[in-house]
Amino acid sequence: MIRKPTHSLGRALVALLVATAASAARAADPPCVTQCHDMAAKGQLRAGLNEAGCLVNVCQEEGRRLYADGSYEAALASYAAVAAKLERSPSFLLDQGLVYYALGRFNEALANFDAILLSVPDSFQAGTQRAHTLVRVHKLGDARTQFDKLLGTPAAQREFRGLRTSSYLKGNIGVLDLLLGDTAKGKKELEDALEADGRNSLASTYIYRVLPAMESKTIDADGVYLLLTASEDVGINRRDAARDSIEKLVAKYPKFPETYFLAAVLYRNAGHYEECERLLLIGERAIPAEIDLRAERLRCTLLRVGPTSDAAKPSVADLKKLAKDHPDSELAKQILRALDIYPE
């Protein structure tokens, strides 16, 4: 005869299963949820703050920290824990929108920035992020309109992202004019941007490197779009997306130098020195007159083998010779100085 479990044993088993499930659920929660749960259970929350209030504060701050660290999926999980409570908060929508953008979820990012501007029409950061996101969803005319609208706001007289804001906006407008086919207008906007702020590297790169390449038909508007988005992807650590764009650029526009320099930044930062050497060697063969490509390749070799190793000696000698044979090229000298080695 099989005996049925007693009511007390049945209840104990149910309680154990519930406790186990709850423990597993907590293990899957983002750290901010676990932290607030444990503090509430131990009576460690400050007076007047309950567990829900703890979550709002801790999860949003945790999400910001994880975003700054480039841990985008983890940041999104922290925000998801409080999304229902903060869905109307402009600061939360901005934080979450930035993570969506970094993950390549551009339509969701755009929805967040649009929601902010409905409640706070003069939010400069939401406006700029909306413009950048419109570029990503290929609404270039709308993006230009958004940047141009921001030029007329009081915030345009301040600094943004380390640049005089009007220069930053004009630089982006100039690039969009190039993409929209108005080269003359784009050039003028870029020149105005650089005149307003000589630190504007976007404007200087496009004036001195990209525009001449477009005029010589080394690259076209489609390539410029790939360059623009790949550059941003490198900056926000979207490595896979940046790599894919760079490979397309190399395949279609092999004589465009900026692609190779961008690839060098991507692969150096990722520690993929052999990939860096591979792509730069392609560039050297395609554009032998571009001496700095060789200097970049030698830098990647030195990083791979170690600059003071015996294996580094041939590359150091090549770099010294490059600096001596091409005195107008600053990059080789800069790399040598960074290694505490000076041209002979």
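Helix axes, in what follows, are lines fitted to C-alpha atoms over the stretch in contact, and angles run from 0 to 180 degrees between N-to-C directions. Helices (H or I, at least four residues) and strands (E, at least two) are DSSP runs, numbered from the N terminus.

Good morning. The structure above is a predicted model, in which local features need pLDDT of at least 70, side-chain atom pairs count only at pLDDT 80 or more, and totals for chains, interfaces and linings use all residues. Residues are numbered from 1 along each chain as its sequence is written, and side-chain values use heavy atoms, with hydrogens and water left out.

I begin with the whole chain. The protein chain has 19 helices and two strands. Of its 344 residues, 44% are buried, where buried means under 20% relative accessible area, exposed over 50% and partly exposed in between, with a 1.4 Å probe and protein chains only.

Next, a pair of helices. Two packed helices are described by the angle between their axes and the distance between the axes. Helix H11, residues 183-196, packs against helix H12, residues 201-215, at an angle of about 140°, and their axes are 8 Å apart. H11 is therefore oblique to H12; angles under 35 degrees count as roughly parallel, over 145 as roughly antiparallel, 65 to 115 as roughly perpendicular and the rest as oblique. Which residues of H11 meet H12? In H11 they are Thr183, Lys187, Leu190, Glu191, Ala193 and Leu194, and their partners in H12 include Tyr206, Ile207 and Leu211. Contact here means heavy atoms within 4.5 Å.

I turn now to helix H4, residues 72-80, whose buried residues are Tyr72, Ala75, Leu76, Ser78 and Tyr79. Glu73 and Ala80 are exposed, on the face turned away from the buried side of H4.

Tyrosine 79 deserves a separate word. Its relative accessibility is 1%, so tyrosine 79 counts as buried. Beyond its neighbours within four places in sequence, tyrosine 79 is in contact with Cys59, Gln60, Gly63, Arg64, Phe92, Asp95, Gln96 and Val99. The C-alpha atoms of tyrosine 79 and phenylalanine 92 are separated by 8.1 Å, and the two residues are 13 residues apart along the chain.

Residues up to four places away in sequence aside, glutamine 146 touches Gly127, Arg130, Ala131 and Leu134.
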